[in-house]
Structures are given as structure tokens and as C-alpha cells.
Amino acid sequence: MQLMSLYDQTLRELDKAFMISPKNFHKMSIQVQRLRRLLSKSSEVEDFPEEVVFKTKTHFIVMALLKAQINEGHPVLIQEALWCLSNICLSSSVRLDTLINMGMLKAMKQYLCIDNLVNFELIYWGLSNLISENKDAKQNLISYGFIQFIFDNFSEIKKSFKLSSIIAWFLANFMIDCSSFDQQMIQSLLINLKELFLAREEQEIKSEIIFSFSEYIESKNPDYKFLIDLKIIPVFKKLIFLDDYKNESFLTKIFSKLSFCGEEMIKTFWDDDFKDL
């Protein structure tokens, strides 16, 4: 009840600021920032209070703000609203469908720009939350161009730790249960992930990439010939003897699955990749 009151009060103040002066972006930004802090604090608890969020129509207010700012373009207000939305994306699958039907993905795509690091991070963070709670939403992300955006801007992404980090995390979520998607697209993502693995030194990025490959190998019909041609196995082979407990389970999954891929394929992996072990 106390949480409901907090949301009600914050939304009333935001509505008041808008009614008094819809162009007073400073006052509105302060109220949206309060809402964002409330949502962020709510997201830290074990069960995100989505019932309160949707009952108070918080999601509706945030979406209205984002759509209104397409023409106004106030950067702080946009960033705070995107941050709110990223937290709301922790809601359950059914409620997230409501957001998608309201035009959430279209609104987020309009603010996506490789030159705006903050918006980029907030959007892909929210999308990662979205697909972790709603696996069916992945096809929507493809349809709205969020995967193509990665392809189109990959050369810039891999130069930045921040961009690389958020995309590695996003794709680790995206690659879970990836069997039903276009395999040419999935393999193109894996090619980029290998390139990112070699380009970045940060362990957290490498761990997310290893996880992505382990999910691909665990999928229904992984293309082992593709993996041989990609020459990713020698890259992972070098990690076997490192004292790296975080990646150990993912590497074990990869090499265990490879051991069941057929005698000829095992021989190919062995001859090409493991003869110097």
C-alpha cells in the first residue's frame, strides 16, 4: 500500500508539472527522475512490483512521455523516460505484450543512435530485460530492426567498452533458444561475436560471448561445419587451462557437446584444433 502511494504521488506531481507548463522540461525532468529512482529501487527487490506499476498506469505515462518527446527532443527527459521503461521491462510476459502493442519498440527505435551512448545503453538494457522475461518478443526485435542495427554499427560498437559490453550481454540473452530463428542471421551474429571476442580484452565481455556460443551449441541443430570454418574452437581451446571458474561451465558445455557430434566431425576438430594440446 505504501508503494502504491509513492507511485500515485510521483505520478500526480508529474501530471501537475505537465498541466502547468508542458514546455517546462526542467520541472518535468525532475519528476520523471523521481519516478525512475522509484522504479530502479523497485527493480532491486526479488519480485518486481509490476501490479503496482500497471495499476497506477506508470507504463502508460512513460510511453506517453516518450511519444511526446519525438517532436520536442529534450535529452534529459528522454533518457529518464527510457530508464523508466527499461525497468518496466522486468514485468511479466503478458504485461510486456501490452507495452509492445502500445508501440514501445517503435518508440525506443526512434531514439536509438550509435552516437548517443546513454540512449543506446538504456535501450539495449531494456531489450535485454524484455527478452529475458518474454522469449516470444525476440521476433519483434528482429522485425523492428534492433538486430540489423547491430550489424550496421558493429565496427563502432567493438571500439567501445560500454557499447561492446551491453551488446555482448544483450546477445547472450538473445541466443537462448535461438533454433527457431533464421540461421544465417544467427551465424552472422556469431561471426561478429568472434570478432568482438578477439577485439576486446575485458573478461566480462568474453564471458558473455562464450555463453552465447554455448547456447548455440546447445540449440537443436547447431552447424558444426560452420564452427569449424569460423575457427572459434582454437580460440576457446586456449582458455581450457586457465584458472577461470566463471567460464568453466560454459566451456565444458561446448566441448562436451562437440564430443557427441560424430566420429568424422570429432576427427576434424581434433586434427584442426586440438593436435597441439
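Leaving aside neighbours within four places in sequence, Asn-134 touches Ser-93, Leu-96, Asp-97 and Ile-100. Asn-134 sits in the loop between helix 8 and helix 9 (138-143).

**The whole chain**

The protein has 18 helices and zero strands. Of its 277 residues, 50% count as buried. The accessible surface comes to about 14,100 Å². Carbon and sulfur atoms own 53% of that surface. Now take the contacts between residues at least 6 apart in sequence: 72% of them join residues at least 24 apart.

The average pLDDT is 81. A score of at least 70 is reached by 76% of the residues. Where is confidence highest, and where is it lowest? Helix 10 (residues 146-152) is highest, at 97. Helix 18 (residues 263-274) is lowest, at a mean of 54. Over residues 273-277, pLDDT stays under 50. The model has 13 contacts beyond four places in sequence for that stretch. Where pLDDT is low, the predicted coordinates should not be read in detail.

Helix 5 covers residues 75-88, which makes 14 residues. From first C-alpha to last, helix 5 reaches 20 Å, close to the 20 Å expected at 1.5 Å a residue. Helix 5 is mostly covered, with 10 of its 14 residues buried. Among them are Leu-77, Ile-78, Ala-81, Leu-82, Leu-85 and Ile-88. The buried set also includes Glu-80, Cys-84, Ser-86 and Asn-87.

Helix 8 covers residues 117-133 and has 17 residues. Its reach is 24 Å, close to the 24 Å expected at 1.5 Å a residue. Buried residues in helix 8 include Phe-120, Leu-122, Ile-123, Tyr-124 and Leu-127. Asn-119, Gly-126, Ser-128 and Asn-129 are buried in helix 8 too.

**Salt bridges**

Side chains of opposite charge can pair when their charged atoms come close. The count here comes to six salt bridges.

| Glu-80 | Arg-36 | 2.7 Å |

Start with the salt bridge between Glu-80 and Arg-36. Glu-80 lies in helix 5 and Arg-36 in helix 2 (residues 25-43), so the pair ties together parts that are 44 residues apart in sequence. Both Glu-80 and Arg-36 are buried.

Glu-121 has 29% relative accessibility, so Glu-121 counts as partly exposed. Lys-162 is partly exposed as well, with a relative accessible area of 38%.

Glu-156 is partly exposed, at a relative accessible area of 38%. Lys-159 is exposed, at 57%.

Val-235 is found in helix 16 (residues 233-237). Why does Val-235 count as buried? Its relative accessibility is 15%, and buried means under 20%. Beyond its neighbours within four places in sequence, Val-235 is in contact with Lys-194, Phe-197 and Leu-198. Leu-198 is 37 residues away from Val-235 along the chain, and their C-alpha atoms are separated by 8.6 Å.

Most residues other than glycine have a negative phi. Which phi does Asp-177 have? The value is positive, about 55°, although Asp-177 is not a glycine. Asp-177 lies in the loop between helix 12 and helix 13 (183-199). At 56% relative accessibility, Asp-177 counts as exposed.

Lys-231 has a positive phi too, near 60°, and is a residue other than glycine. Its place is the loop between helix 15 (224-230) and helix 16. Lys-231 is exposed, with a relative accessible area of 51%.

Conventions: Residues are numbered from 1 along each chain as its sequence is written. This is a predicted model: local features need pLDDT of at least 70, side-chain atom pairs count only at pLDDT 80 or more; totals for chains, interfaces and linings use all residues. Side-chain values use heavy atoms; hydrogens and water are left out. Helices (H or I, at least four residues) and strands (E, at least two) are DSSP runs, numbered from the N terminus. The expected span of a helix is 1.5 Å times one less than its number of residues. Buried means under 20% relative accessible area, exposed over 50%, partly exposed in between (1.4 Å probe, protein chains only). Contact means heavy atoms within 4.5 Å. Accessible areas come from the Shrake-Rupley method with a 1.4 Å probe; for residues, only the protein chains shown count as cover. pLDDT is the predictor's confidence in each residue, from 0 to 100. A salt bridge is a side-chain nitrogen of Lys or Arg within 4 Å of a carboxyl oxygen of Asp or Glu.
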